[in-house]
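This briefing goes through a predicted model.

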Amino acid sequence: MKRVFQNYEVSVRDEPTYSSNSTDNPRSYKYEYCRSEKYEHISAHGITIGDIDSPDSSAIILGVGGATGVNENSLGHTGDTLFVAAGDAVFALDLPSLKIKWCKKVDFATCFGVYWVQEKSCLITWGELNVSCFNEDGKEIWSTSGPDIFTEAFDIKGDYIKVTDFNNDIFLINIENGEMSDANT
C-alpha cells in the first residue's frame, strides 16, 4: 500500500516472515520497533519513505496481541506524525525520519485501524474491544467498550463514530467524550 503524506511517499507492506535479528529477512529496515519484547511478535509491517528499493528511511513495526494485516486503515497522519496500527497498539513515528515518538497499547486484543480527525485534533483508534481517543502526543482522552466485540463496521461522521459489533448491533460514540448510545432503533 502506498500513500503520500506531506509530499513523502509512504509505503507499507506485510512482512509475515520477518524475524528479529535475522540476516535471512527479505528486506532490512533502519529501525525495528516492538511494543513489548516480552512477547513474540504476531504481525510485522514494513514502512519505507521514498523509493522502496532505496528508501530515505525505513522501519519495521512488530505487533503483539491479535494479528493485523496492512489495510487502508493501518495508517493515519497529522503534521509530522505518522500513526501505524499493528497488533494491539498504535505507533507514532516522526515523518520523514520514522524515529519513534511513542507507542501505546490501545486494545486488549487487536487495533483494526487509526483515524486522525483533523476537525477535532484527535486520533481515534478502532479496536476489537475498545474505541479510544488520543491527542497527538499519545495522551488518552477517553476509551469506551461495548457489550460485544467491534468487528463488523466503523465509520466517523461529524461528531459521532458509528460502530457495529459482532451481533450486528450498532452504536454511536460521541467523539468529544466517548459516551456510547444504542443506535438500533
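In this predicted model, five strands form an open sheet in the order 1-2-4-5-3, and the pairing is mixed. Strand 1 (2–5) and strand 3 are the edge strands, each pairing on one side only. From one strand to the next the twist averages 20°.

**Strand pairing**

- Strand 4 (residues 43–49) and strand 5 (residues 57–63) run antiparallel and are joined by seven bridges.
- Ala 44 has Leu 62 of strand 5 as its bridge partner.
- Strand 10 and strand 11 also run antiparallel, with six bridges between them.
- Val 114 is bridged to Thr 125 in strand 11.
- Strand 10 is mostly covered, six of its seven residues being buried.

**Nonpolar cores**

- The largest nonpolar core has 18 residues, of which Val 10, Ile 47, Ile 61, Leu 82, Leu 93 and Leu 98 touch the most other members.
- Two or more residues of this core come from each of strand 2, strand 3, strand 4, strand 5, strand 7 (81–86) and strand 8.
- Another core, of 15 residues, lies apart from the largest one; among its members are Tyr 115, Phe 150, Phe 154 and Ile 161.
- Beyond its neighbours within four places in sequence, Ile 61 is in contact with Tyr 33, Ser 43, Ala 44, His 45, Ile 47, Val 84, Ala 86, Phe 91 and Leu 93.
- In soluble globular proteins, nonpolar side chains tend to be buried together.

**Aromatic pairs**

- Seven aromatic pairs are found in a search of the whole structure.
- One of them is the tilted pair of Phe 83 and Trp 102, with 6.0 Å centre to centre and 50° between the planes.
- This pair links distant parts of the chain, since Phe 83 is in strand 7 and Trp 102 in strand 9, 19 residues apart.
- Phe 83 and Trp 102 are both buried.
- Phe 83 also pairs with Trp 116: the ring centres are 5.8 Å apart and the planes are at 10°, so this pair is stacked.
- Trp 116 counts as buried because its relative accessibility is 16%, which is under the 20% limit.
- A separate topic is the cluster of Phe 112, Tyr 115, Trp 126 and Phe 154, which are linked by ring pairs.

**A buried aspartate in a loop**

- Asp 88 lies in the loop between strand 7 and strand 8.
- Its relative accessibility is 2%, so Asp 88 counts as buried.
- Not counting residues up to four places away in sequence, Asp 88 touches Arg 35, Val 64, Gly 65, Gly 66, Lys 104, Lys 105, Val 106, Asp 107, Ala 109, Thr 110 and Cys 111.
- Asp 88 and Trp 116 are 28 residues apart along the chain, and their C-alpha atoms are separated by 18 Å.

**Backbone geometry**

- Most residues other than glycine have a negative phi, and most peptide bonds are trans.
- Leu 95 and Pro 96 are joined by a cis peptide bond, with omega about 20°.
- Pro 96 sits in the loop between strand 8 (89–94) and strand 9 (100–105).
- Asn 21, a residue other than glycine, has a positive phi near 60°.
- Asn 21 lies in the loop between strand 2 and strand 3, and with 79% relative accessibility Asn 21 counts as exposed.
- Ser 121 also has a positive phi, near 50°, and is found in the loop between strand 10 (111–117) and strand 11 (122–127).
- Ser 121 counts as partly exposed, at 44% relative accessibility.

**An exposed aspartate**

- Asp 24 is in the loop between strand 2 (8–14) and strand 3 (31–34).
- Asp 24 counts as exposed because its relative accessibility is 69%, which is over 50%.
- From C-alpha to C-alpha, Asp 24 and Asp 137 are 35 Å apart in space, and they are 113 residues apart in sequence.

Technical notes
Residues are numbered from 1 along each chain as its sequence is written. This is a predicted model: local features need pLDDT of at least 70, side-chain atom pairs count only at pLDDT 80 or more; totals for chains, interfaces and linings use all residues. Side-chain values use heavy atoms; hydrogens and water are left out. Helices (H or I, at least four residues) and strands (E, at least two) are DSSP runs, numbered from the N terminus. Buried means under 20% relative accessible area, exposed over 50%, partly exposed in between (1.4 Å probe, protein chains only). Two strands pair if DSSP finds at least two bridges between them. Axes are lines fitted to C-alpha atoms, for helices over the stretch in contact, and angles run from 0 to 180 degrees between N-to-C directions. A nonpolar core is a set of buried Ala, Val, Leu, Ile, Met, Phe, Trp, Tyr and Cys residues joined through side-chain atoms within 4.5 Å. Contact means heavy atoms within 4.5 Å. Rings of Phe, Tyr and Trp (its six-membered ring) pair if their centres lie within 6.5 Å; planes under 30 degrees apart count as stacked, over 60 as edge-to-face and the rest as tilted.
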